[in-house]
Amino acid sequence: MKTFSIYPIHATASIPATRSRFFRVACRTLISLLLLTTMAAQSADAQIWYLGLKAGPTFSNYKTKTPWKEATNIGYTFGGIAYKQISANFGLGAELQYIQKGYFHKVCNTITDRLRAQYLEIPIMADYAFIIPGMRNFKLHANAGIYAAYWLSGKYQTEGYLRGSESESFDFDDNDAKRFDFGPNIGGRIEYILKNASLSLDLRYELGLIDLQNRINDNTTNNNRAFIIGISYMKPLGM
């Protein structure tokens, strides 16, 4: 199995320090969100649980810039949702999702380099709902939180090289790759209220904080970044 370096360009020395500061701020923000959610849950009189399913496309790449042209790496995601409505406007959501990420480079017009990566992911998000004036059955939601993911498997694909098209399973040991990933997420959704359920269009951006291939003498940072579109269906428990 061949070993490959995903990003052979050098990052500036300030990147690790900047990422470290961002990580500390993100962690403090997320801890504050979780504490506020816990306090609200303890003081709320009426709390409703919703369960549902969600699926949709993903558009991903790695964060580090490369000398090659980046094309959109399109995949998909699906899984289950649990949402707890704590008050009329505030709630907390958690998901268990299968999600595809990775990268897609065009080295030139005829040569491409692609990694398809499959993850099992758990996002946890604080959610705030806004009533849309004049639209009785619609709600607009803003949410933010954190995700944790485990890299299940991957497939490395190339086209246009001397040996033509090639595809092989990603070898974690040969590529010094980390399987665990986590980072912040932010997004929003528009919800349509049905009689005893709801439909939502969800838009979300995720940024991984883990350098997935941190080799010796390699100054690049191979972090996941993904834009996710989801369609979800949820029903309240007991109804």
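Modeller: A charge is said to sit over a ring if NZ of Lys or CZ of Arg is within 6 Å of the ring centre and within 35 degrees of the ring normal. Please keep in mind, as we read this structure, that it is a predicted model.

Colleague: Which residue lies over the face of F104, and at what distance from the ring centre?

Modeller: The residue over the face of F104 is R114, at 4.5 Å from the ring centre. A second case involves Y83, whose ring has the charged end of R189 over it, 5.2 Å from the centre.

Colleague: How should I read a pair of rings, and how many aromatic pairs are found in the whole structure?

Modeller: In general, a pair of aromatic rings is described by the distance of the centres and the angle of the planes. Here, a search of the whole structure finds 13 aromatic pairs. Take Y76 and Y98, whose ring centres are 5.9 Å apart and whose planes meet at 45°, so the pair is tilted. Because Y76 lies in strand 3 (residues 73-85) and Y98 in strand 4 (residues 90-106), this pair ties together parts that are 22 residues apart in sequence. With 41% relative accessibility, Y76 counts as partly exposed. For Y128 and F130, by contrast, the pair is edge-to-face, with 5.0 Å from centre to centre and 65° between the planes. Ring pairs also link Y119, W151, F170 and F172 into a cluster.

Colleague: Which strands pair with strand 4, and in what sense do they run?

Modeller: Strand 2 (residues 69-70) is joined to strand 4 by 2 bridges, and the two run antiparallel; within this pairing, E70 stands opposite H105. Strand 3 also runs antiparallel to strand 4, with 9 bridges joining them, and the two form a hairpin with 4 residues between them. Strand 5 pairs with strand 4 in the antiparallel sense over 15 bridges, and here Y98 stands opposite L120. As for cover, strand 4 has 12 of its 17 residues buried.

Definitions and conventions:
Residues are numbered from 1 along each chain as its sequence is written. This is a predicted model: local features need pLDDT of at least 70, side-chain atom pairs count only at pLDDT 80 or more; totals for chains, interfaces and linings use all residues. Side-chain values use heavy atoms; hydrogens and water are left out. Rings of Phe, Tyr and Trp (its six-membered ring) pair if their centres lie within 6.5 Å; planes under 30 degrees apart count as stacked, over 60 as edge-to-face and the rest as tilted. Buried means under 20% relative accessible area, exposed over 50%, partly exposed in between (1.4 Å probe, protein chains only). Two strands pair if DSSP finds at least two bridges between them.
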